[in-house]
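I opened this notebook to keep track of what I looked up in one structure. The entries follow the order in which I went through it.

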Amino acid sequence: MRAATELLSLLQTAGGAPLWRADELPAEDAGGPTLASGFAELDRELPGGGWPLGQLIELLTDDAGIGELSLLAPSLAQLAQSRRSAVWVLPVDAARATPRSLEAQAVPYAPALATAGLDLARTIFVKPATPRESLWAVEQSLRARHLGAVVGWLPHASGEGDFRALRRLHLLAQSHQALAFVLRSTREAQAPSPAMLRLQLASAGAQLQVTLLKRRGRPLLDPITLQLRPAHWEQARVEADTALPRTMPAATALLGAPRPLDELLA
Amino acid sequence: MALWLALILPALPLQLAERAIDGTLPLAIVEGAPQRVAVIHCNATAQAAGVAPGMKLAAAQALACELIALERSLEREQAALEEIAGWAYQFSSHVVLQPDGLLLETGSSERLFGGRTPLHRAITTGLAELGYRAACAYATAPRTARVCALAHAARVDVDDLQRLPFALLEWDAATNETLRALGLTTIGDLLQLPRDAFARRFGAERLDDLDRVLGVRADPQPLYVPPARFTARIELPADFSETAQLMFPARRLLASLEGFLRGRNAGATTLVFSATHSERRNGPVPPTIVTLALAAPERDAKRLAALLNERLARVTLPAPAITLALAVDELHPFAACNASLLPPAQDAARGSDWLQLAETLHARLGSERVFQLQVVDDHRPERAWRAVPVSIDGDPVKTPALPSQPRPLLLLPAPQPLSMKNDEPLCPDALTLVTGPERIECGWWDMGIGAKAVHRDYFVARNGRGHWLWIFRELAAPHGWFLHGLFA
């Protein structure tokens, strides 16, 4: 160990020779371009300082609605700034599946997306009917050359055939500089994946807890906690009862009691 | 200098049948009165089985039991030649229809295509894509080109021409017989005869024809005029019951369409494919119509084929198909997309790539599954957005003013009533109200047809599982609580 430390200091004083230590994240230019995620705590831990472009990024969560869209929104807004288009492949329309989860029915809400800075005129939404259509739509989107981002829900993916499907997506993603997010179930956390970056999302109280299951370079053991919502929401409390007048204000209260017409004309 | 290319399609009836299938089935074209049907053409597979032209149909069927015998149809041949002429119009504006082939004047357009060799290659590979083989020959006069093509001589000079048999002139049998009886065999032999004696004996028109073959007499040709709409049809020699099988003949049709559109410098936005079905099994079946609608005029056969392939995935054939036809009624001016010299521009996002992607998704999944979202200027949350078909033009819709209050990224299509415990809403456990209330109301004047009155107080709430919810309480009795969105 001492010898190693001495060797290190010797190499550093000698200068010139670039030295990469195994506990450092790879240099920024090593893994291709990245796009800042918009969350400083996350960027610090992502190789290259942001979401890698042209690589498949896997987000694993079972609990739809815990903040996965808020996590993606800043980077998607950045792409919208540079006028690049995006495709969202929404969760499979599980009309036949029972019970229908609320999250599967929910649709992205245009006013909120626009407020977050997304360019709706350059975004296509796809509502596939089967898991195969989901994969197909993501694949087709990744084939488009100038596409900025693909966000695809593939919760049904599982098994050996899936690895091949994901691998194909990964290879397609590599051919363009697009952001390629796929959202999958945490059941896949232990399964091998071709994605170079895998994140597991869970809630930690009011915040979002992100575990980096896989990244280039040294693994990160501790999860990161991200503040996705406005900070003042954290402590804010309101009481429903004080806020709610039980009766509607009557029109007469606002306008005054009706008066006879001749009185008005007089 | 004028240069004429003669294309002669030998055994055109056989080629018409062969171009529709990918494999090697024994095929024969038959003709004749019902009792005396005889084979006039047969393909290599049939020949290998021992079938030969001239054979009776029954004999041919005995030799090759799988033989597909098709009757010759002159109308179909004429239609096919017209289709080829429409396709060839892209290479030359001087196209002449002949009973078994075409004449093209290529001398004036060869510079456009980068020279004689590239033009020739474009024509021959294009014909192969359509599924045709042609004997071709170039000459400075149209009549000479035809004679050379019949002789399978690509280019000949005057000396070679004189050595060719006079049978290639396609005169009537009686004249040929007389000439042969005189001991003449070649065109050169005819030229040795005294001109005035020849004209007296065989007619002045024969002498004129000889002069045209030599290229010393003017030979004006009736030019082909392309029709205003495109129609083409392929007879399928075998029954096709899978839509995937239709892709092969469809590619032929699309290649033909591309040539036609190139000749007219146009693109198509609506392609109507129709497949007629055999009636054998379950009586008459209405034809299957598959319409391919495009956002912008297009003519690239490969791209159209890819779109059609996705579209056909949604189609099932009620019965085996026996013909496939393609019709394009309206032609639109076509502006070819130039490949950029510069790196992809920012606005390429809305360029051809975007369109192609939208069309591909659209073709496979249908319009209700591929959409865009728009913000609508309405303060009722469920009416503040709408799904619209993917827009083509680059003009983004002017976004109305966005709400200043927080809005959830996911909205439920219909508010979900929340269960209650001690007058407190649950979802699924106890909620903490974070911000609010935001009162959203509409007056009677807002209520269109089918719209319900909205009198609500909205709150942002957090549950124990880390969800941030958008919930509201009805202001009207019974003051129910509802979940309306998720701050996902």
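Predicted model: local features only at pLDDT ≥ 70, side-chain atom pairs only at ≥ 80, totals over all residues.

I began with Gln416(B), which stands opposite Leu483(B) in strand 21 of chain B. Strands here are DSSP runs (E, at least two residues), as helices are (H or I, at least four), numbered from the N terminus. Strand 21 (residues 481-486) runs antiparallel to strand 15 of chain B, and four bridges join them. I took strands as paired if DSSP finds at least two bridges between them.

Strand 15 (residues 410-417) of chain B also pairs with strand 5 (residues 107-108) of chain A, in the antiparallel sense and over two bridges. There I found Val107(A) with Leu411(B) as its bridge partner.

Residues are numbered from 1 along each chain as its sequence is written, chains are lettered from A and ligands numbered from 1 in the order in which they are written, and side-chain values use heavy atoms, with hydrogens and water left out.

Is Leu410(B) buried or exposed? Leu410(B) counts as buried, at 8% relative accessibility; buried means under 20% relative accessible area, exposed over 50%, partly exposed in between (1.4 Å probe, protein chains only). I then listed its contacts (heavy atoms within 4.5 Å). Leaving out residues up to four places away in sequence, Leu410(B) touches residues of chain A, including Leu69(A), Ala106(A) and Tyr109(A), and residues of chain B, including Gly485(B) and Ala488(B).

How many residues does each chain bring to the contact? I noted 63 residues from chain B and 63 residues from chain A. The area buried between them is about 5900 Å², of which carbon and sulfur atoms give 65%. Buried area is the accessible area (1.4 Å probe) that two parts lose on being put together, summed over both. In chain B, Arg369(B), Leu373(B) and Leu409(B) lose the most area to chain A, together 12% of what that side buries.

Among the buried ones I wrote down Arg143(B), Arg146(B) and Cys148(B). Cys148(B) has a relative accessible area of 0%. Just after this helix, His152(B) takes a positive phi of about 55 degrees.

I counted 10 helices and 11 strands in chain A. Buried residues make up 48% of its 266 residues. In helix 6 (residues 131-143) of chain A I looked up Val138(A), which counts as buried at 1% relative accessibility. Beyond its neighbours within four places in sequence, Val138(A) is in contact with Val89(A), Val150(A), Gly152(A), Leu154(A) and Leu169(A).
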